[in-house]
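Here are my notes on the model, as numbered points. Please read them with the structure open.

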Amino acid sequence: MYIVTGGAGFIGSAMVWKLNEMGITDIVVVDNLACTEKWKNLVNRTYVDYIHRDAFLDMVLHDELPWDVTAIIHMGACSSTTERDADFLMDNNLRYTKAMCTYALDHGARFINASSAATYGDGALGFEDSVESMLRLKPLNMYGYSKQLFDLWAHREGLLDQIASLKFFNVYGPNEYHKGNMMSVVCKSFSQIGETGKMKLFKSYHPDYTDGGQKRDFVYVKDCVDAMWWLLQNPQANGLFNVGTGSAREWNDLARSVFIAMGKEPVIEYIEMPEELRGKYQYFTEAPMQRLKDAGCPVVFRSLEDGARDYVQNYLAQADPYL
């Protein structure tokens with residue numbers, strides 16, 4: 001049995017899709033559907049059961065899972081970078097993850113965890129996915145800090161060489177539609193361009209970057225789950241791993257990619273950044289990918305142009321945009 005926590009969420013449901021693509025249907029989805037639209041991410045998928053995150057945690061803590069678990073793919077977390085309830089994030093992102101990791105290792109199951117590029121803070125200390133780098137990081141928000149705390153705990157307990165903890169960069173792609181304001185700009189701009197004919201990007205407040213010239217490492221969700229599938233098949237590959245393309249691209253590049261995928265001429269409007277974001281804004285992120293390559297991962301991460309084209313033309317522009 002494969003357990004996918006956050007299995008109705010963005011990357012989690014994409015991983016269920018990947019498992020299904022590989023012929024695997026012995027899957028338990030763990031999530032908190034509540035009154036969200038996340039259930040739509042599961043309609044096209046095949047799995048054995050859905051269990052609420054609280055009930056599943058109780059089962060784990062009492063060692064009551066009725067299956068022989070092959071892997072726990074732990075994508076479940078509150079991923080909002082603006083969440084201010086620190087106690088909630090400590091429980092939901094840190095303590096929950098520690099419980100999942102402990103159970104997996106105690107039962108001989110593979111454990112793959114979603115860390116985050118948010119752990120890198122403002123990027124001043126670089127983006128190296130090494131333990132030496134991890135020990136010095138200073139996240140800018142509580143979400144990033146909650147992810148950093150798990151990686152620190154795993155290192156302190158001597159567990160990092162038994163698990164894969166993945167620092168996802170700017171992931172975009174199908175099944176992110178429930179995320180509201182946390183959706184990727186690719187997804188938001190598709191609707192924006194369709195309605196207004198133009199796309200809005202934040203102005204720059206940094207002398208080294210032009211408006212729209214701020215850079216991010218944009219990575220397509222299909223490539224992320226390809227890498228995760230490889231990690232499932234190669235349990236000797238452990239530690240911290242960046243998951244990105246290894247190439248930082250401008251927001252202007254992203255905008256042009258979406259316009260081209262939609263068959264439209266680019267029209268970009270630069271708007272003021274909200275005051276509350278200006279002190280916490282990352283002007284540059286780029287994922288050094290050598291560790292994953294050195295581990296033997298053969299996944300070739302597609303370009304922003306190719307990812308945006310697939311996403312726009314084969315999902316966003318279709319009646320059924322889900323994986």
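1. Burial and basis. Buried means under 20% relative accessible area, exposed means over 50%, and partly exposed lies in between, with a 1.4 Å probe and protein chains only. By that cut-off, buried residues make up 54% of the 323 residues in the protein. This is a predicted model: local features need pLDDT of at least 70, side-chain atom pairs count only at pLDDT 80 or more, and totals for chains, interfaces and linings use all residues. Residues are numbered from 1 along each chain as its sequence is written, and side-chain values use heavy atoms, with hydrogens and water left out.

2. Overall form. The protein has 11 helices and 13 strands. Its radius of gyration is 19 Å, close to the 20 Å that the globule rule gives for 323 residues, so the protein is as compact as a globular protein of that length. (The radius is taken over C-alpha atoms; the rule is 2.2 Å times the number of residues to the power 0.38.) The C-alpha trace spans about 55 × 45 × 40 Å along its principal axes. Helices (H or I, at least four residues) and strands (E, at least two) are DSSP runs, numbered from the N terminus.

3. Contact range. Contact means heavy atoms within 4.5 Å. Among contacts between residues at least 6 apart in sequence, 76% join residues at least 24 apart.

4. Helices α1 and α7. Two packed helices are described by the angle between their axes and the distance between the axes. Axes here are lines fitted to C-alpha atoms, for helices over the stretch in contact, and angles run from 0 to 180 degrees between N-to-C directions. Helix α1 (residues 10-21) packs on helix α7 (residues 221-233) at about 60°, with the axes 9 Å apart. The two are therefore oblique to each other. (Angles under 35 degrees count as roughly parallel, over 145 as roughly antiparallel, 65 to 115 as roughly perpendicular and the rest as oblique.) α1 passes α7 in a right-handed crossing. The term right-handed applies if the near helix is turned clockwise from the far one by less than a right angle, left-handed if anticlockwise. On the α1 side, the contact includes Phe 10, Ile 11, Ala 14 and Trp 17; α7 brings residues including Val 221, Val 225, Met 228 and Trp 229. The residues of this contact divide into 11 nonpolar, no polar and 3 charged. Ala, Val, Leu, Ile, Met, Phe, Trp, Tyr, Cys and Pro count as nonpolar, Asp, Glu, Lys and Arg as charged, and the others, Gly among them, as polar.

5. Helices α6 and α8. Helix α6 (residues 185-196) and helix α8 (residues 251-261) pack at about 50°, axes 10 Å apart. That makes α6 oblique to α8. The crossing of α6 past α8 is right-handed. Val 185, Val 186, Ser 189, Phe 190 and Ile 193 of α6 meet Trp 251, Leu 254, Val 258 and Phe 259 of α8. By class, that is 8 nonpolar, 1 polar and no charged residues.

6. How many of the 11 residues of α8 are buried? The count is 9, so α8 is largely enclosed by the rest of the structure. The buried set includes Asn 252 and Asp 253. Just after α8, Gly 263 takes a positive phi of about 75°.

7. Helices α6 and α11. The axes of α6 and helix α11 (residues 304-316) come within 11 Å and cross at roughly 55°. That makes α6 oblique to α11. Val 186, Cys 187 and Phe 190 of α6 touch Tyr 311, Val 312 and Leu 316 of α11. The contact has 6 nonpolar, no polar and no charged residues.

8. Two buried helix positions. Asp 223 is in α7. At 2% relative accessibility, Asp 223 counts as buried. Beyond residues up to four places away in sequence, Asp 223 touches Val 299, Val 300, Phe 301 and Arg 302. Gly 144 lies in helix α5 (residues 142-156) and is buried at 0%. Its C-alpha is 7.7 Å from that of Ala 117, 27 residues away along the chain.

9. Backbone to check. Most residues other than glycine have a negative phi. Ala 34 has a positive phi of about 45°. Asn 175 has a positive phi near 80°. Buried or exposed? Ala 34 is exposed, at 61%, whereas Asn 175 is buried, at 0%.
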